[in-house]
Amino acid sequence: MWSVLLMGLGGLMVGGGISFHQQNKPRWVSISFYVLAAMSLLAAYLLTLPGK
């Protein structure tokens, strides 16, 4: 369940990064959105791995 929510959050963050890039906002804003999206997608992947 949490992995699905984190994947959705990652998708929203990627969309936000693209949107801020198109609005000519500072570069660090869109890069931070991309980094947060990557972290969210990585966390979603790690939650799908089998535990011990």
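L47 sits in helix α2, which covers residues 27-48. The model you are looking at is predicted.

**Overall shape and surface**

- The C-alpha trace of the protein spans about 45 × 15 × 10 Å along its principal axes.
- The radius of gyration of the protein is 13 Å, whereas a compact globule of 52 residues would have one near 10 Å.
- Of the 52 residues in the protein, 19% are buried.
- The protein has an accessible surface of about 4100 Å², and carbon and sulfur atoms account for 73% of that surface.

- Which residues form a nonpolar patch on the surface? They are M1, W2, L5 and L47, and together they have about 540 Å² of accessible area.
- One member of this patch, L47, belongs to helix α2.
- L47 also turns up among the contacts of S3, a list that leaves out neighbours within four places in sequence and also holds A44 and T48.
- S3 itself is part of helix α1, and L47 is part of helix α2.
- Is S3 buried or exposed? S3 counts as buried because its relative accessibility is 12%, and the cut-off for buried is under 20%.

**The loop between the helices**

- N24 is located in the loop that runs between α1 and α2.
- The phi angle of N24 is near 55°, a positive value in a residue that is not glycine.
- For context, most residues other than glycine have a negative phi.
- N24 has a relative accessible area of 69%, so this residue is exposed.

- R27 is exposed because its relative accessible area is 63%.
- R27 and G17 are 10 residues apart in sequence, and their C-alpha atoms are 9.5 Å apart in space.
- What does the side chain of S30 reach? The side chain of S30 reaches the backbone oxygen of R27, at 3.1 Å.
- With a relative accessible area of 5%, S30 is buried.
- Beyond its neighbours within four places in sequence, S30 is in contact with G17, F20 and H21.

- F33 is another residue to look up in helix α2.
- F33 has a relative accessible area of 23%, so this residue is partly exposed; the buried class would need a value under 20%.
- Not counting residues up to four places away in sequence, F33 touches M13, G16, G17 and F20.
- Where G16 is concerned, F33 is 17 residues away in sequence and 6.7 Å away in space, C-alpha to C-alpha.
- G17 and F20 are among the residues that F33 touches, and G17 and F20 are also among the contacts of S30.

**G11 in helix α1**

- G11 is found in helix α1, which takes in residues 2-22.
- G11 counts as partly exposed because its relative accessibility is 43%.
- How far apart are G11 and L46 in space? Their C-alpha atoms are 17 Å apart, and the two residues are 35 residues apart in sequence.

Technical notes. Residues are numbered from 1 along each chain as its sequence is written. This is a predicted model: local features need pLDDT of at least 70, side-chain atom pairs count only at pLDDT 80 or more; totals for chains, interfaces and linings use all residues. Side-chain values use heavy atoms; hydrogens and water are left out. Patches are made of residues with over 30% relative accessible area and no salt bridge: like charges are joined within 9 Å, nonpolar side chains (Val, Leu, Ile, Met, Phe, Trp, Tyr) within 5 Å. Accessible areas come from the Shrake-Rupley method with a 1.4 Å probe; for residues, only the protein chains shown count as cover. A salt bridge is a side-chain nitrogen of Lys or Arg within 4 Å of a carboxyl oxygen of Asp or Glu. Helices (H or I, at least four residues) and strands (E, at least two) are DSSP runs, numbered from the N terminus. The radius of gyration is taken over C-alpha atoms; the globule rule is 2.2 Å times the number of residues to the power 0.38. Buried means under 20% relative accessible area, exposed over 50%, partly exposed in between (1.4 Å probe, protein chains only). A polar contact is a pair of N or O atoms within 3.5 Å; within protein, one must be able to donate a hydrogen and the other to accept it, and residues adjacent in sequence count only if both atoms are side-chain atoms. Contact means heavy atoms within 4.5 Å.
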